[in-house]
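Thanks, everyone, for making the time.

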Amino acid sequence: MTKHTVYLGLGTNLGDKERNIRHAVEQLRSSAGTITSLSSFYVTEPWGFKSENTFLNAVVCLLTSLPPYELLDVTQRIERGMGREMKSLGGIYHDRIIDIDILLYDEVEIYSDTLVVPHPLMKDRDFVMSPLREIMPPQDYARRFGANSSR
């Protein structure tokens, strides 16, 4: 069975944030594949909306046999199971107990109404790029984002 290397962004700004991320990681481990690395946790300000709640963000590397859309279904099921009621739509963001974004899926590019990979806004988000740089092999990071890319 083919294993795919996937990077997922995790974020939360409600409740016990560290527990939320750790619970999401465990859910991914039990339903999507093997977590090969987990970044440090990054405390960040809300991006794209105003909130009094800071975020806790991390990135995981996952080895999975799931195809992209099945993985998307799993991530959305985890989000709903943890109490997330709606995804951000049309650039309207809000507080959330958990957010799981598929950042990279092997070298695959997907452009559909329900999934875009690589994640279209990841390069603009330090809370994604810093933890990604932490866990991605340096040669892979340099090849994808440039040797001098700090974002």
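This is a predicted model: local features need pLDDT of at least 70, side-chain atom pairs count only at pLDDT 80 or more; totals for chains, interfaces and linings use all residues.

Residues are numbered from 1 along each chain as its sequence is written, and side-chain values use heavy atoms, with hydrogens and water left out.

A word on terms: buried means under 20% relative accessible area, exposed means over 50%, and partly exposed is what lies in between, with a 1.4 Å probe and protein chains only. Helices (H or I, at least four residues) and strands (E, at least two) are DSSP runs, numbered from the N terminus.

Staying with α2, this helix has 14 residues and reaches 20 Å from its first C-alpha to its last, close to the 20 Å expected at 1.5 Å a residue, where the expected span is 1.5 Å times one less than the number of residues. Its buried residues are Pro-68, Leu-71, Leu-72, Val-74, Thr-75, Ile-78 and Glu-79. They cover an arc of only 160° around the axis, and therefore sit on the same side of α2; the arc is that of the directions from the helix axis to the C-beta atoms. What do these buried residues pack against? They pack against β1, α1, β4, β5 and β6, contact here meaning heavy atoms within 4.5 Å. Just after the helix, Gly-83 takes a positive phi of about 110°.

That packing leads us to the interior. A nonpolar core, as I use the term, is a set of buried Ala, Val, Leu, Ile, Met, Phe, Trp, Tyr and Cys residues joined through side-chain atoms within 4.5 Å. The largest one has 26 residues, of which Leu-8, Leu-28, Leu-71 and Ile-102 touch the most other members. At least two residues of this core come from each of β1, α1 (17-31), β4, α2 (68-81) and β5 (99-105). Apart from it lies another core, of 14 residues, among them Val-59, Val-128, Leu-132 and Phe-145. If we look at Leu-8 and leave aside residues up to four places away in sequence, its contacts include Leu-28, Val-60, Leu-71 and Ile-102.

Next, the strands, and β4 (residues 55-64) in particular, where 9 of the 10 residues are buried. Strands count as paired if DSSP finds at least two bridges between them. Strand β1 (residues 4-12) runs antiparallel to β4 and is joined to it by 9 bridges, with Thr-12 standing opposite Leu-56. Strand β2 (residues 34-38) is also antiparallel to β4, through 4 bridges, and there Ser-37 has Cys-61 as its bridge partner. Finally, 3 bridges join β3 (residues 42-44) to β4, again antiparallel, and Tyr-42 is partnered with Asn-57.

Two backbone details deserve a look. Most residues other than glycine have a negative phi, and most peptide bonds are trans. In the loop between β5 and β6 (110-111) we find Asp-106, whose phi is near 50°, a positive value in a residue other than glycine. Val-117 and Pro-118 are joined by a cis peptide bond, with omega about -5°, and Pro-118 is found in the loop between β7 (116-117) and α3 (126-135).

I will finish with charged pairs. The structure holds 6 salt bridges, each being a side-chain nitrogen of Lys or Arg within 4 Å of a carboxyl oxygen of Asp or Glu. Arg-22 pairs with Glu-18, the closest N and O atoms being 3.1 Å apart, and both lie in helix α1, 4 residues apart, about one turn of the helix. Arg-143 forms a salt bridge with Glu-107, again with closest N and O atoms 3.1 Å apart. This pair links distant parts of the chain, with Arg-143 in helix α4 (residues 138-145) and Glu-107 in the loop between β5 and β6, 36 residues apart. Glu-107 counts as exposed, because its relative accessible area is 53%. Arg-143 also forms a salt bridge with Asp-140, at 3.6 Å between the closest N and O atoms. Through shared partners, salt bridges join Glu-107, Asp-140, Arg-143 and Arg-144 into one network.
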